[in-house]
Amino acid sequence: VQNLVGCTAGGIISSTPQSAYRQKDGVKRECKAIETEGLPGVSVTLAILPGVHLKTFHVMGDDVPDDVGNVDPMTWKRAVGLQGVNEDENGTDLGKDDPPSFMLLPSPAFSNELDDLMQGLQFVFPGSHTLGGVASTVSTLSRARLFRYDVSDRQCVQTLSDGCLGVALEGDIELKTMIAQGAKPVGGIYRIVTGSETTIGAIVLDEVATEQVENDETFEEEEDENQDAKAKMSAAYAKARIPKPVLAEVNFVMRTLSDDDQAFMRKAILVGIERGGSIGRTPNELARLAAGEGHRFTVHQ
């Protein structure tokens, strides 16, 4: 192992081999996904990246310049420990042609400086991609920890409790980032009726889409109590044909839920637009979306 970075977390996701069978080109393993929260465990990912140069770094909050536009790129890189990144052998900056990618693991105490660091990365390395997550623990009585090892420095075996740990990746690698916000679907499928720019004005229940989703799901035999609750929800949906503001519809839907779901929903609510697999949008598609057409709207918890 040449480089290692990691952190503590209140929950982890990983996988274990579920079964194995032999193919002509070797053994292929099928894995079973595992998620734990508040329990002892460790998740390790090993990677072989030929043609990729990695540089680990650790920066404290006081070392991050807060006036990005007034600091030249070379000075900024030295301040955060990224000297030599995106430079040739002569120390000349390579510019936008081959921007590096970054992974960040900040401690909770670094949250105030994280925006400055992210802005600096975009300013000094335009076109670069950054991903990561904040270290955490299961108790407020313990502090989050960061772990670092770098083969280029035999003394670099560190367990840290502050600052931000990072990895810069250069070379034959392309990083694509995404955000997967965990959510529990609540209610039906909605259409956006009115809106302006990023503000949703009113929504209305898409009865056809909602009925299709319900028909596609497989339900086990329900008890009378659950059947009554479903009947009440269906009756409530029948009254939802009038366009309403999002929060008004949320309050309406909450009354049809169980006490547990209502308590869960009061903690936070996410409103999102369903998007297909294609990232690109044509001008005609964008025009239809702006007019409230061509997409479905879902309230998620």
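This is a predicted model: local features need pLDDT of at least 70, side-chain atom pairs count only at pLDDT 80 or more; totals for chains, interfaces and linings use all residues.
Local features are described where pLDDT is at least 70, side-chain atom pairs count only at pLDDT 80 or more, and totals for chains, interfaces and linings use all residues. Residues are numbered from 1 along each chain as its sequence is written, and side-chain values use heavy atoms, with hydrogens and water left out.

## The chain as a whole

Let us start with the overview. The protein chain holds seven helices and 13 strands; these are DSSP runs numbered from the N terminus, with helices being H or I of at least four residues and strands being E of at least two. Of its 301 residues, 27% are buried, where buried means under 20% relative accessible area, exposed means over 50%, and partly exposed lies in between (1.4 Å probe, protein chains only). The chain exposes about 20,200 Å², and carbon and sulfur atoms supply 51% of that area. Accessible areas come from the Shrake-Rupley method with a 1.4 Å probe, and for residues only the protein chains shown count as cover. Among contacts between residues at least 6 apart in sequence, 65% join residues at least 24 apart; contact here means heavy atoms within 4.5 Å.

## The four-stranded sheet

Four strands make an open sheet with mixed pairing, in the order E4-E9-E5-E6. Two strands pair if DSSP finds at least two bridges between them. At the edges are strand E4 (52-59) and strand E6 (129-132), each pairing on one side only. From one strand to the next, the twist averages 20°; axes are lines fitted to C-alpha atoms, for helices over the stretch in contact, and angles run from 0 to 180 degrees between N-to-C directions.

Seven of its eight residues are buried, so E9 is largely enclosed by the rest of the structure. E9 pairs with E4 in the antiparallel sense over eight bridges, and six bridges join E9 to E5, again running antiparallel. The table gives some residues that face each other across these pairings.

| Residue | Partner in E9 |
|---|---|
| Leu-54 | Leu-169 |

Ser-101 sits in strand E5 and is buried, with a relative accessible area of 6%. Leaving aside neighbours within four places in sequence, Ser-101 is in contact with His-129, Val-167, Ala-168, Leu-169 and Leu-175.

Helix H2 (residues 111-124) lies across E4, strand E5 (101-106), E6 and E9, and runs at about 175° to E5. H2 also meets helix H1 (residues 73-80): their axes come within 10 Å and cross at roughly 140°. The two helices are therefore oblique to each other, given that angles under 35 degrees count as roughly parallel, over 145 as roughly antiparallel, 65 to 115 as roughly perpendicular and the rest as oblique. On the H1 side the contact is made by Pro-73, Trp-76, Lys-77 and Val-80, and on the H2 side by Leu-117, Gly-120, Leu-121 and Val-124.

The loop between E4 and H1 contains Asp-67. At 33% relative accessibility, Asp-67 counts as partly exposed. Asp-67 and Asp-116 are 49 residues apart along the chain, and their C-alpha atoms are separated by 8.2 Å.

## The three-stranded sheet

A further open sheet has three strands in the order E1-E7-E8, with antiparallel pairing. Strand E1 (3-7) and strand E8 (153-160) stand at its edges with a single partner strand each, so one side of each has no neighbour in the sheet. The twist in this sheet averages 5° from one strand to the next. E1 and strand E7 (residues 146-150) run antiparallel and are joined by five bridges, with Leu-4 standing opposite Tyr-149 in E7.

Cys-156 belongs to strand E8 and is buried, with a relative accessible area of 4%. Apart from neighbours within four places in sequence, Cys-156 is in contact with Arg-148, Tyr-149 and Asp-150. Cys-156 and Asn-3 are 153 residues apart in sequence, while their C-alpha atoms are 9.9 Å apart in space.
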